[in-house]
Amino acid sequence: MPLPKSMSPFVLLFLLLSLASAQDPTNAPTVSPAPTVSPTAAPTNETVTECDISVYNEWAAEEFQGISKDLVIPATNERWWDVQNYQTGVPFLLTNAHAVEVLGTKCRQYMQAIKIGLSGRHGPVSDQAIFDVMCTEYCVVNDQFREEAMSRSKCSCMDLSTKEWEVGYSVAGDYCRENSGRMMCDELERCGMWECALDDFSCPRMEYNTLDVLLRGNPGDCGEGVGVFGGLLLGTVMCWRFWWFA
């Protein structure tokens, strides 16, 4: 379109600059992206609990009330608790912490005894022999009191296990390995089918309690008097063991 002759040179310059600016893509208006909104987490009903070691220490220091300290095993005429008190006039306090250590050790020793005394030329260890050991107070009360410690303190068995930097560490999850069902797996190679995770303390024994053992019944209901029967079994096994290696 022809420009008017009366147009000022300044107006002409202004129009030319405006036209050039409109054609420059760098001067196009920019659109800001939509703000990013973080998704809101769905509400959950899970309660997060933390391990309270102080509560566990209180439980560990309490007097053990699970098995009488004066109880004697009939077959061997030995006391359940091999405790020597060197403090004259001061009664010995058997604590929960000490008791569960003894219980776990004795439960494992029972399994080792039947593995040596009832295997070999007599074939593998029988289901009935394993049942009799798993139903001793050593194994049953060991599991019960360790579970009580975890319940009271809200700690897992891994929380209560010896840490790598602590004195006495030997293997990861040592507290978890003191379940009687896991001892049965370690000592007698009867490991079940559930493939229980190490940090699941109760799982191995729970699986064993689902079995129905011929001539014995369900190990989840061992009944009364199992400690006496277990003591008789251990005495018989140990006598056989000494005769075998004599």
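1. Contact, as used in this note, means heavy atoms within 4.5 Å. The model is predicted: local features need pLDDT of at least 70, side-chain atom pairs count only at pLDDT 80 or more, and totals for chains, interfaces and linings use all residues. Residues are numbered from 1 along each chain as its sequence is written, and side-chain values use heavy atoms, with hydrogens and water left out.

2. Thr95 sits in the loop between strand E2 (78–79) and H3. Not counting residues up to four places away in sequence, Thr95 touches Ala60, Ala61, Glu62, Glu63 and Phe64. A polar atom of the Thr95 side chain also lies 3.3 Å from the backbone nitrogen of His98, within the limit for a polar contact (a pair of N or O atoms within 3.5 Å; within protein, one must be able to donate a hydrogen and the other to accept it, and residues adjacent in sequence count only if both atoms are side-chain atoms).

3. Overall, the protein chain has 8 helices and 2 strands, in the order α-α-β-β-α-α-α-α-α-α along the sequence. Helices (H or I, at least four residues) and strands (E, at least two) are DSSP runs, numbered from the N terminus. Of the contacts in the protein chain with a separation of 6 or more, 66% are accounted for by residues 24 or more positions apart.

4. On burial, 32% of the 246 residues in the protein chain are buried. Buried means under 20% relative accessible area, exposed over 50%, and partly exposed in between (1.4 Å probe, protein chains only). The protein chain exposes about 16400 Å², of which carbon and sulfur atoms supply 58%. Accessible areas come from the Shrake-Rupley method with a 1.4 Å probe; for residues, only the protein chains shown count as cover.

5. The largest nonpolar core has 37 residues, and Phe64, Met111 and Ile130 touch the most other members. Two or more residues come from each of helix H2 (53–61), helix H3 (96–117), H4, helix H5 (137–153) and helix H6 (180–188). H3 gives the most to this core, with 7 residues. A nonpolar core is a set of buried Ala, Val, Leu, Ile, Met, Phe, Trp, Tyr and Cys residues joined through side-chain atoms within 4.5 Å.

6. Helix H4 (residues 127–134) is mostly covered, with 7 of its 8 residues buried. These are Gln128, Ala129, Ile130, Phe131, Asp132, Val133 and Met134. Two of these residues, Val133 and Met134, are in contact with Met111.

7. Ser161, in the loop between H5 and H6, counts as buried because its relative accessibility is 3%. Beyond four places in sequence, Ser161 is in contact with Glu166, Gly173, Asp174, Tyr175 and Cys176. Ser161 and Tyr175 are 14 residues apart in sequence, and their C-alpha atoms are 4.7 Å apart.

8. Two backbone angles deserve a look. Most residues other than glycine have a negative phi. Glu195, in the loop between H6 and helix H7 (203–208), has a positive phi of about 50° although it is not a glycine. Leu215, in the loop between H7 and helix H8 (226–245), has a positive phi near 70°. Glu195 is exposed, with a relative accessible area of 76%, and Leu215 counts as exposed at 71% relative accessibility.
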